[in-house]
Amino acid sequence: MAIDARYKSLFILPAAAATVLLLIASLVLLAISGNERIAWLGAAIAALPLPLILVRLTFFPVERTSENLPFYLLLAAAGVIIAVWEQHIEGVSGWTPTLLAVAAAGIFLAYVFWYSRFGRMESAVLTVGAKLPQFSLESATGKVFSSTELKGAPAVILFYRGGWCPLCMAQIRELASRYQDMAALGIRVVLISPQASIQTQALASRFEVPFEFLVDEDNELAETLGIALSNGVPTGLPGDYAADTVLPTLVMTNENGTILFSDQTDNYRVRPEPDVFLAVLRRARAIAA
């Protein structure tokens with residue numbers, strides 16, 4: 001997985017840039033070409049999905065997406081079909097629009113079915129029914145936080161990749177928006193990332209909720225739990241982020257530290273909804289009662 005992650009860290013920014021260039025080229029040629037205009041329209045449509053989804057995730061953050069992005073896949077397929085139709089059925093265009101459409105669609109397929117997936121092995125330490133291992137980490141306030149402080153209260157522990165990950169940030173905002181619901185159940189929320197203390201402090205200052213923002217320095221806890229990811233941060237990303245990160249993971253424990261819910265997603269765009277793990281806690285309490 002480490003070798004795979006290194007390739008992925010080199011993929012996303014060049015892939016986005018290449019697709020944008022293909023889109024611009026297709027639009028320019030659509031504007032100036034004659035008989036090949038519809039073929040170039042197809043190439044432009046095929047190049048749209050990756051820029052659209054990245055703009056959506058970056059500037060209009062969502063907590064999660066569907067696993068395979070079917071709408072965007074259909075858009076890419078439609079673009080290729082139009083370009084191929086104009087070349088082979090209508091016979092009015094050459095190979096260039098078709099090749100550009102296929103190239104853009106191929107990049108998007110790589111994003112959906114390769115880049116978005118971790119190919120992870122689930123951590124045997126974080127299985128439902130197991131006890132959460134004890135740990136001590138530095139908090140955003142500079143104090144040492146021990147997991148023993150969670151004794152007697154249920155807890156949601158989120159391992160997030162860092163402030164550079166828009167889905168992680170959207171997931172944290174979602175948890176903050178559900179703070180009252182979780183507080184009513186006595187839940188404490190712990191957020192853990194390997195990003196630097198200064199980055200964690202800046203993030204914690206954005207949320208006016210009593211969450212614990214912790215720093216897993218050098219990914220030591222993540223390594224122990226089997227959820228560390230070497231070279232998981234995209235190369236060329238703005239900000240002083242280390243190359244290694246953590247696989248997005250959310251666990252919920254009960255008052256005794258037993259894991260009731262464990263989400264070890266294999267797709268960085270797919271995250272659990274709060275209603276799911278809150279229902280697990282309510283059900284566990286109902287059974288215990």
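**Close-up 1. Arg64 and Glu174 form a salt bridge.** In this predicted model, the closest N and O atoms of Arg64 and Glu174 sit 2.6 Å apart. (To count as a salt bridge, a side-chain nitrogen of Lys or Arg has to be within 4 Å of a carboxyl oxygen of Asp or Glu.) Side chains of opposite charge can pair when their charged atoms come close. The pair ties together distant parts of the chain: Arg64 is in the loop between helix 4 and helix 5, while Glu174 belongs to helix 7, 110 residues apart. Searching the whole structure turns up six salt bridges. Helices here are DSSP runs (H or I, at least four residues), numbered from the N terminus.

**Close-up 2. Helix 4 meets helix 5.** Helix 4 covers residues 49-59 and helix 5 covers residues 70-89; their axes come within 9 Å and cross at roughly 155 degrees. (Axes are lines fitted to C-alpha atoms over the stretch in contact, with angles from 0 to 180 degrees between N-to-C directions.) That makes helix 4 roughly antiparallel to helix 5, a label for angles over 145 degrees. From helix 4, Pro49, Leu52, Ile53 and Arg56 touch Tyr72, Leu75 and Ala76 of helix 5, where contact means heavy atoms within 4.5 Å.

**Close-up 3. The largest pocket holds about 420 Å³ of space.** On a 1 Å grid over the protein atoms alone, a pocket is an open set of points with protein on both sides within 12 Å along at least five of seven lines, and lining residues have an atom within 4 Å of a point. Volume is the space filled by probe spheres set on the points, which are joined across faces, edges and corners. Of the 21 lining residues, Leu13, Leu54, Thr58, Pro166 and Leu237 are the closest to the pocket's centre. Helix 4 gives the largest share, six residues.

**Close-up 4. The largest cavity holds about 150 Å³ of space.** In a cavity, a 1.4 Å probe fits but cannot get out. Lys8, Tyr115, Phe118, Leu229 and Gly232 are the closest to the centre, out of 16 residues that line this cavity. Helix 1 (residues 2-9) gives the most to the lining, with four residues.

**Notes for every view.** Residues are numbered from 1 along each chain as its sequence is written, and side-chain values use heavy atoms, with hydrogens and water left out. Because the model is predicted, local features need pLDDT of at least 70 and side-chain atom pairs count only at pLDDT 80 or more, while totals for chains, interfaces and linings use all residues.

Notes: Helix = DSSP H or I, 4+ residues; strand = E, 2+ residues; numbered from the N terminus. Parallel < 35°, antiparallel > 145°, perpendicular 65-115°, else oblique.
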